[in-house]
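I'm opening my notebook on this one. Here is what I looked up, entry by entry.

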Amino acid sequence: MSVEQSSLVLLNISASEVNNLKEGINFLRNKSDGKSYILYKYGETMRACKNMCKHQGGLFIKDIEDLSNRSVRCTKHNWKLDVSTMKYINPPDSFCQEELVIERDEDNTLSLVELKPPNPWEAEPQVPEDLAFGEVQVTYITHACMELKLGDKRMVFDPWIIGPAFARGWWLLHEPPHDWLERLCCADLIYISHMHSDHLSYHTLKKLAEKRPGAPIYVGKTERPVFWYLQKSGVKLTNINIVPFGVWQQVDKYLRFMILMDGIHPEMDTCIILEYKGHKILNTVDCTRPNGGRLPHNVDLMMSDFAGGASGFPMTFSGGKFTENWKAQFIKNERKKLLNYKAQLVKDLKPRIFCPFAGYFIEAHPSDKYIKETNLKNDPDELNRLVRNNSDILTWTPKPGATLDLARMLKDPTDSKSITEPPAGIPVFKKSWDFDTYLVTINASVDNEIFLYPSWIEEYFTWAGFEGYNLVIRMIETDDDFNPLQDGFNYLVDFLDLSFPKERPSREHPYEEIRSRVGVMRYVVKNGLLWDDLYIGFQTRLQRDPDIYHHQFWNHFQIKLPLTPPDWESFLAKKRQHVQ
Ligand code: FES
């Protein structure tokens, strides 16, 4: 089906208002709907955009630190946008702002116009039919994993049910229902939203593949393939389906689904809409800005993340402003902002039922006690309270194994049978984790032969393919408490010319010191894994000077590393030859 593009006039600017536009930044407002815009004028050149931050929709104000009068600052988390280029300057080298088209009429009036593809889920609309009790049931398993019964089909989202995620940094908070593997094995569809290991868990999928290698898995057509690591993982899954964005996938007469991309990380993150007999379920998973903020309103059930804390920032940072006090205050503010943002998003979309999920992890390993105690997460019940405030949206905070009957809940929210709780006595929270099994595998990399040859460093960073960027890092291998190992590697990498100097260069350069637990670092190096295992998994401690986020560097190492690991076999063959 062809998707037509239409245009929408967002703001008309009269001839006299045009004459009053000043050079530089102009903040404009549409008085009829209250929406705000930014118009940048430089002589005859003009550019315009919505006054809405790409991060989480914050409002921009003038950036008083910018004397050139080209940038604006977001009031929420201080992102900065250069409106003369429509590029974000904080984070540096990161995103572009979508521009509006400026149309000028002969009478010198201007219109700000948005080119608007139709909302893809509106294609071939289905009229909602009555649902029988029990026809649509949603069961919470763990973290971001839900099982949906839709007529005679079963669908599972994001099964992370055993083992850690992000190397050894994240562990499940909840005890999954004991029959999780049977549930997974009989799913007709398994949707995996993105490659992060709390959504794509090779530990979990290994168990599935042993029983049912042909389990049908569906992922979005992201630039970096979701299953880029499948072959190396050794997990034998044979039925992975990659589907295009924004197109209904018809499963049977009644059921269809559509995968949408994230506006901030379209190269790797997705969300999903399901429709069964005309009833929509929206799962925004943990997209930062799902589908660029354009989502269906009035769905029957919406699920989204809520917790925060899925980043090494700021708890793994030290030096400069990163005092314990500053970090605690930052976490408190950020969590609150996230909560308000989520609540507002839900209230704007007005689903009938809202369910916060995908935030139930814990930094359970004893060596991560500091992170566990300081990296506080939001409380789903608090979000639900905010959502219910002045709205008639129903909310559900599920326990593992609890089931929501959609038809009952929609018909009568007070019906006690609309939620089936797990049997009494079944533990909700995990009390122990099988640390050793997983840590042994990770730490086995420490003694790998590769690391007998210091030139692995050059081999690895050449393979990584990041250079021509003014940044010097010092990498230090450490023990579990981030103390440098006496016999560990401690080296500099200069990314300007990809050299490995003994001392920091004399030119002016930004600098980062990255201490990493030796086991995880070597595991990542050996297998060519992405650095989210290090950063999101709290396996590093960082200092930086100056205190800026090097988006290009982190984006490369967390998302853009080559799809196949370094060729260590050839490396070792050469080394061995040399030794003989
Ligand atoms: S920086 Fe703008 S919303 Fe977060």
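Predicted model: local features only at pLDDT ≥ 70, side-chain atom pairs only at ≥ 80, totals over all residues.

**Entry 1: a glutamate in a loop**

I looked up Glu135 and got 13% relative accessibility, so Glu135 counts as buried (buried is under 20% relative accessible area, exposed over 50%, partly exposed in between, with a 1.4 Å probe and protein chains only). Residues are numbered from 1 along each chain as its sequence is written, and side-chain values use heavy atoms, with hydrogens and water left out.

Glu135 sits in the loop between strand E10 (110–116) and strand E11 (136–142) (strands are DSSP runs of E, at least two residues; helices are runs of H or I, at least four; both are numbered from the N terminus). I found the Glu135 side chain reaching the backbone nitrogen of Ala132 at 2.7 Å. Beyond its neighbours within four places in sequence, Glu135 is in contact with residues including Lys149 and Tyr276 (contact means heavy atoms within 4.5 Å).

**Entry 2: helix H7**

Which residues of H7 (380–388) are buried? I noted Pro380, Leu383, Asn384 and Val387. They cover an arc of only 100° around the axis, which puts them on the same side of H7 (the arc is that of the directions from the helix axis to the C-beta atoms). They pack against helix H5 (324–349), strand E23 (353–356) and strand E25 (394–395).

**Entry 3: cysteines**

I searched the whole structure for disulfides and got zero (a disulfide is a pair of cysteine sulfur atoms within 2.5 Å). For Cys96, the nearest cysteine sulfur is that of Cys49, 12 Å away.

Technical notes
Polar contact = N/O pair within 3.5 Å; in protein donor to acceptor, adjacent residues only side chain to side chain.
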